[in-house]
Amino acid sequence: MKLYLRIFILLVITIFIVGCNNKQLDMEKPNIEENKQPTDSIKDKIRAMSLEEKIGQLMIIGFDGIDVNEEIRSFIEELKVGGFILFSRNIVDENQTLTLLNKIKEENSNNDVPLFLSIDEEGGRVSRLPKSFVKLPEAMKVGNRNDKNISYEFGNILGRRVSSLGFNINFAPVLDINSNSQNPVIGNRAFGITIDQVVDNGLEVLLGMREMGIIPAVKHFPGHGDTNIDSHIKLPKVNKTLNELKAFELVPFMEAISKDIEIIMVAHILYPNIDDNNPATMSSKFIQDVLREDLGYDGVVISDDMTMGAIVENYTLEEAALSFIKSGGDIALICHGKDNPKKVFERIKEAVDIGDLKEKDIDDKVYRILKLKKKYDLEDKIITTIDLETLNKDTKELINHIKR
C-alpha cells in the first residue's frame with residue numbers, strides 16, 4: 001500500500017513539474033501576431049527603385065520653352081526627375097500654363113512617383129503667374145496691416161491661385177527679417193523688419209496655403225534679411241555668430257518648424273563665424289548640426305537655385321550640388337541650363353559608385369521626399385478648367401481688406 005502511495009505522489013509531482021515547464025515555455029514563446037511589424041509602403045517602394053530613379057528624386061529643375069519638348073521628355077524618361085519649377089519664361093497665359101502642366105503630368109505617367117510642380121509666387125515683384133491674374137501686393141504690405149486673419153486669407157488666395165493651374169509647391173512665404181536697409185534682394189518681400197511681424201504674418205500665410213493643398217516652402221534659411229549683396233549675383237557674407245542668429249534670424253524658422261513646415265529652402269550665404277569654408281547650402285554645420293539636430297527639423301531641405309551667381313562664380317555646379325546633398329540636403333534646385341541636371345545626376349551617381357556617398361543616405365532623403373508626396377496625396381492629375389473670374393474677384397476683395 002505504501003508503495004502505491006509513493007508512486008501516486010511521484011506521478012502528481014511529475015505532472016505538476018511538466019505543467020509548470022510547459023507554462024513557462026508558453027510564456028517564453030513569442031507571439032508572432034503581436035510582434036509582427038506593419039509594412040512600410042514607402043520603404044517597399046524605395047527598395048523597388050533603381051539607384052537612378054532615387055537620384056532623380058533629388059532634383060527639381062527648370063527648363064526653357066512653353067510646351068513639352070525633348071528636353072522635358074529626357075528629364076522625365078532618362079533622369080526620372082522629382083519635379084519641375086516654372087518661371088515667367090515658361091508662362092504665357094492661364095490656358096497655356098494649364099495645358100503645359102497637364103502635358104508634363106502625362107509624360108510622367110509611366111513613372112510610379114508623381115512630380116513636384118513648383119513656382120515662386122510670393123505676391124508683389126516675385127510673381128510668375130500669367131498677367132490675367134490680378135496682382136497681389138508684396139508681403140511687406142500684408143505685414144504692415146498685421147492682421148492674422150488677413151494674412152491667413154492671403155496664403156489661402158496664394159494657394160488657390162497656384163493650385164488652379166496644377167502646381168503643388170509654392171516657394172513661399174519668405175521668412176527673412178528685413179533688418180538691413182541696404183538689402184538689394186529681400187526688401188518688401190519680407191513681412192517686416194521685426195521678429196513679430198514676420199512670425200505673426202508669415203506663419204498664417206503658410207497655414208493658409210497648406211489648407212488649399214499647396215505645400216509651402218519657407219525661405220531663405222538661416223536668413224537673408226541682413227545681407228547687402230544679392231546671392232543671385234555674388235556670395236553674401238554675414239559676420240554673425242550662431243547665438244546671434246538664434247536670437248533673431250532663426251526665430252521665424254523655429255516657429256515654422258513648430259507648425260510642422262514640410263520644406264525649408266537654404267540660402268547661399270557664408271557665415272564665417274559658423275562655417276568659414278562653406279555657404280549654408282553646402283554646410284553640414286548648418287543643415288545637419290543646426291537645422292536637423294539643434295532645431296529638430298526632420299522635413300525636406302531644398303537648396304536655393306544652384307545656378308545662382310553665389311554658387312557658379314565660386315564652385316562648379318555639380319560639386320556644389322553634391323556638397324549640398326552630402327551635407328544633409330534633400331533636393332537640389334537647378335533652375336537654368338539644359339545640360340546641368342544631367343551633370344548633377346551623373347556626379348551624384350559617381351559619388352555612390354566610388355563610395356563617397358552611401359546609397360543608404362540617398363534612401364533616407366528619398367524617404368522624406370516620398371513621405372511628403374504621400375502626405376499631400378500628390379498625383380499627376382489632369383486639370384481641365386480654371387475659374388479665373390472667381391479667383392480674381394476674391395483677390396480684389398482681399399486687396400481691399402489689406403488697404404483698409
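Strand E2 (residues 83-86) and strand E3 are joined by four bridges and run parallel; helices (H or I, at least four residues) and strands (E, at least two) are DSSP runs, numbered from the N terminus. The model is a predicted one, so to speak of local features takes a pLDDT of at least 70, side-chain atom pairs count only at pLDDT 80 or more, and totals for chains, interfaces and linings use all residues. Residues are numbered from 1 along each chain as its sequence is written, and side-chain values use heavy atoms, with hydrogens and water left out.

Back to that pair of strands: isoleucine 85 has serine 118 of E3 as its bridge partner. Along E3 (residues 116-119), Phe116 and Ser118 point one way while Leu117 and Ile119 point the other, and all are buried, meaning under 20% relative accessible area, against over 50% for exposed and in between for partly exposed (1.4 Å probe, protein chains only).

Zooming out, E2 and E3 sit in an open sheet of eight strands with parallel pairing, in the order E9-E8-E7-E6-E3-E2-E1-E10. Strands E9 (300-303) and E10 (332-334) stand at the edges with a single partner strand each, so one side of each has no neighbour in the sheet. Two strands count as paired if DSSP finds at least two bridges between them. Strand E1 (residues 59-61) has three bridges to E10, and the two run parallel; here methionine 59 stands opposite alanine 332.

Next comes a loop. Proline 130 is found between strand E5 (126-127) and helix H7 (139-145), and counts as buried because its relative accessibility is 4%. Proline 130 lies 39 residues from isoleucine 91 in sequence, yet the C-alpha to C-alpha distance is 6.4 Å. Leaving aside residues up to four places away in sequence, proline 130 touches Ile91, Val92, Asp93, Glu94, Thr97 and Leu165, where contact means heavy atoms within 4.5 Å.

Glutamine 197, for its part, belongs to helix H9 (residues 195-211). With 15% relative accessibility, glutamine 197 counts as buried too. A polar atom of its side chain lies 3.5 Å from the backbone oxygen of glycine 143. Beyond four places away in sequence, glutamine 197 touches Gly143, Asn144, Phe191, Gly192 and Gly202.

Conventions:
A polar contact is a pair of N or O atoms within 3.5 Å; within protein, one must be able to donate a hydrogen and the other to accept it, and residues adjacent in sequence count only if both atoms are side-chain atoms.
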